[in-house]
Amino acid sequence: MQKFKNERRIIFISMTESNVTSSKNFVPIWEKFALTINEAAQYFNLGEKKIRKLADDYIDYGFVLQNGTKTLIKRGKFEDFMNETDAV
């Protein structure tokens, strides 16, 4: 491909309603109060199985939040738990 000295490129950005609304509702993972198992695994660099096992084993520590059958991890409380723990 030949490059020209005064070459201009035009980039089109899709501004559909779904793109605009999803960006309004987007909350960064580090600002969320509760994380899903998948989000917690990514945030804390642990496997999903390990997060689930910790949630089951340490349910009385206060970092587990049940919403029906969905298990959520309270980010701040889990950070405190991880800071106190030497090995998982």
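View 1. In β3, A34 has K74 as its bridge partner. The model is predicted: local features need pLDDT of at least 70, side-chain atom pairs count only at pLDDT 80 or more, and totals for chains, interfaces and linings use all residues. Residues are numbered from 1 along each chain as its sequence is written, and side-chain values use heavy atoms, with hydrogens and water left out. β1 and β3 run antiparallel and are joined by 3 bridges. Strands are DSSP runs of E with at least two residues, helices are runs of H or I with at least four, and both are numbered from the N terminus. Two strands pair if DSSP finds at least two bridges between them.

**View 2. The hairpin of β2 and β3.** Strand β2 (residues 64-67) runs antiparallel to β3, with 4 bridges between the two. L65 stands opposite L72 of β3. The hairpin has 2 residues between its strands, and G68 in the turn has a positive phi of about 70 degrees. Of the 5 residues of β3, 4 are buried, so this strand is largely enclosed by the rest of the structure. Buried means under 20% relative accessible area, exposed over 50%, and partly exposed in between (1.4 Å probe, protein chains only).

**View 3. K74, a buried lysine in β3.** K74 lies in strand β3. K74 is buried yet has no salt bridge, and the nearest side chain of opposite charge, D80, is 11 Å away. A salt bridge is a side-chain nitrogen of Lys or Arg within 4 Å of a carboxyl oxygen of Asp or Glu; Lys and Arg count as positive, Asp and Glu as negative, while His and the chain ends are not counted. Leaving aside residues up to four places away in sequence, K74 touches F33, A34, G62, F63, V64 and L65. Contact means heavy atoms within 4.5 Å.

View 4. Helix α4 covers residues 75-84, and R75, F78 and F81 are buried in it. These residues cover an arc of only 120 degrees around the axis, which puts them on the same side of α4. The arc is that of the directions from the helix axis to the C-beta atoms. N83 and E84 are exposed on the other side of α4. The buried residues of α4 pack against β1 (34-36), α2 (37-44), α3 (48-57) and β3 (70-74).

View 5. F44 lies in helix α2 and F78 in helix α4, so the pair ties together parts that are 34 residues apart in sequence. Both F44 and F78 are buried. Y58 and Y61 also form an edge-to-face pair, 5.1 Å centre to centre with 90 degrees between the planes. Y58 is partly exposed, with a relative accessible area of 29%, and Y61 is exposed at 52%. One aromatic cluster is formed by Y43, F44, Y58, Y61, F63, F78 and F81.

**View 6. N45 in the loop between α2 and α3**. Phi of N45 is near 60 degrees, a positive value in a residue other than glycine. Most residues other than glycine have a negative phi. N45 is exposed, with a relative accessible area of 69%.

Note on methods: Phe/Tyr/Trp six-rings, centres within 6.5 Å; stacked < 30°, edge-to-face > 60°.
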